[in-house]
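This briefing covers charged side chains and their surroundings. The structure is shown first.

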Amino acid sequence: STTLSDHGAGFSALVSNVAGSATSDVAVLSIDPGILSTQTVTAVNISTTSWRYNQSGDQGTAWKERSFVDSSWPTGVALFYAETATYPEPFRTPLTAPSAGGPLTTYYRTWFVIPSNAVSVTLVASNLIDDGAVFWINGSYVGSIRVTTIPPSFSTLAANQGTEGVYEILELSSASLVAGTNLLAVEVHQGAQSSTDVVFGMSLTALVGVRMRDNVAPTITQVF
């Protein structure tokens, strides 16, 4: 039997009898990988996905790694908020704004699954954020909104959010994805220590390319 890894391999036949033997020319095997189909997967749901979050201060850099233990962090569901403006999604988990003694940066972690048969993945995030955010997948930087210093520190300031309550679309890099379970870590930065509000919520859609079996019978394209 053959697999996709045999694509491009050379094969020949050896025929022998009492009169002698002969070897055929080399034939190169081409394997049809099947039909490419795109599936839309909701990796993170803005209104139902549970997050671990932390407002206790500077978490350094280990917090965004897969191996980090976040079991002591509280859990919540977006929107996370200290806010009075109108947003298109309900406020569900309260936060403390910097002006009320909260931190300049709040940290979030959750997990999502990419199908094991994926051959390509495009990640599209829809975000409600005040003021800015940096996104990490499996410890690697994949995108940011209004934070230009990468990697940021706990005290890095974001640019001011000028359009509150509007979804912002961002394509995240898929380079650090693995088949199966992946870690999404997000740090939300404020524009000033005097900031009176903070908001975080996001959905993540994965456009997953997979190979599907076709029903086309193999054909002989050349005979020597």
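A salt bridge is a side-chain nitrogen of Lys or Arg within 4 Å of a carboxyl oxygen of Asp or Glu. By this rule the count comes to four salt bridges, and three of them, including the one between Glu89 and Arg92, are described below. This is a predicted model, in which local features need pLDDT of at least 70 and side-chain atom pairs count only at pLDDT 80 or more, while totals for chains, interfaces and linings use all residues. Residues are numbered from 1 along each chain as its sequence is written, and side-chain values use heavy atoms, with hydrogens and water left out.

**Glu89 and Arg92**
- The closest N and O atoms of this salt bridge, formed by Glu89 with Arg92, are 2.9 Å apart.
- Glu89 lies in the loop between β8 (80-82) and β9 (93-94); strands are DSSP runs of E, at least two residues, numbered from the N terminus.
- Glu89 counts as buried because its relative accessibility is 13%, whereas Arg92 is partly exposed at 34% (buried means under 20% relative accessible area, exposed over 50%, partly exposed in between, with a 1.4 Å probe and protein chains only).
- Leaving out residues up to four places away in sequence, Glu89 touches Ile46, Ser47, Leu79, Leu128 and Tyr167 (contact means heavy atoms within 4.5 Å).

**Asp70 and Arg109**
- Asp70 and Arg109 form a salt bridge with closest N and O atoms 2.8 Å apart.
- The two residues are 39 residues apart, with Asp70 in the loop between β6 (50-54) and β7 (75-77) and Arg109 in strand β10 (residues 105-114).
- Both Asp70 and Arg109 are buried.

**Arg146 and Glu168**
- A salt bridge of 2.5 Å, N to O, joins the side chains of Arg146 and Glu168.
- Arg146 counts as partly exposed at 22% relative accessibility, and Glu168 counts as buried at 17%.

Methods. Helices (H or I, at least four residues) and strands (E, at least two) are DSSP runs, numbered from the N terminus.
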